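This report covers one protein model. Please consult the sequence and the structure shown here while reading the notes that follow.

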Amino acid sequence: MLAFGIAKDIFGGSSVIIETSGNKILDLKTSLETQYPRLKQLRSYMLAVNNEYALDDGVLTETDEIALIPPVSGG
């Protein structure tokens, strides 16, 4: 899994290895929030799978590239 912005600080690097096969996006989010409780402090975040934003009911495979996109602000 790739991490950007504050997620890099939470994960301790720009990527982490995760087990994904057969899991839904929502299951992955729950697992990540258990392993990395600071994620719960983010107001919101999105997961992208293969360069497209993913819905919570999407199913993951072992070959998917997953990225955690934290909230961004700007003007």
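The side chains of D64 and N50 make a polar contact at 2.9 Å (a pair of N or O atoms within 3.5 Å; within protein, one must be able to donate a hydrogen and the other to accept it, and residues adjacent in sequence count only if both atoms are side-chain atoms). The model is predicted: local features need pLDDT of at least 70 and side-chain atom pairs pLDDT 80 or more, while totals for chains, interfaces and linings use all residues. Residues are numbered from 1 along each chain as its sequence is written, and side-chain values use heavy atoms, with hydrogens and water left out.

D64 belongs to the loop between β3 (52-53) and β4. Helices (H or I, at least four residues) and strands (E, at least two) are DSSP runs, numbered from the N terminus. A polar atom of the D64 side chain lies 2.8 Å from the backbone nitrogen of T61. D64 is buried but has no salt bridge, and K24, the nearest side chain of opposite charge, is 14 Å away. Buried means under 20% relative accessible area, with a 1.4 Å probe and protein chains only; a salt bridge puts a side-chain nitrogen of Lys or Arg within 4 Å of a carboxyl oxygen of Asp or Glu. For charge, Lys and Arg count as positive and Asp and Glu as negative, with His and the chain ends not counted.

| Strand | Partner | Bridges | Direction | Residues opposite |
|---|---|---|---|---|
| β1 (residues 2-3) | β4 (residues 66-69) | two | parallel | A3 and L68 |
| β2 (residues 46-49) | β4 | four | antiparallel | V49 and I66 |

The largest nonpolar core has 18 residues, and M1, F11, L39, L47 and L68 have the most contacts inside it. Such a core is a set of buried Ala, Val, Leu, Ile, Met, Phe, Trp, Tyr and Cys residues joined through side-chain atoms within 4.5 Å. Helices α1 (6-11) and α2 and strands β2 and β4 each give two or more residues to this core. In soluble globular proteins, nonpolar side chains tend to be buried together.

F11, in helix α1, is buried at a relative accessible area of 9%. Leaving aside neighbours within four places in sequence, F11 is in contact (heavy atoms within 4.5 Å) with residues including M1, L32, L39 and L68. With the same exclusion, L39 contacts I10, F11, L32, E33, Y45 and L68.

K29 sits in helix α2 (residues 25-35) and is buried, with a relative accessible area of 14%. Beyond four places in sequence, K29 contacts Y45, L47 and D56.

Definitions and conventions: Two strands pair if DSSP finds at least two bridges between them. Buried means under 20% relative accessible area, exposed over 50%, partly exposed in between (1.4 Å probe, protein chains only).
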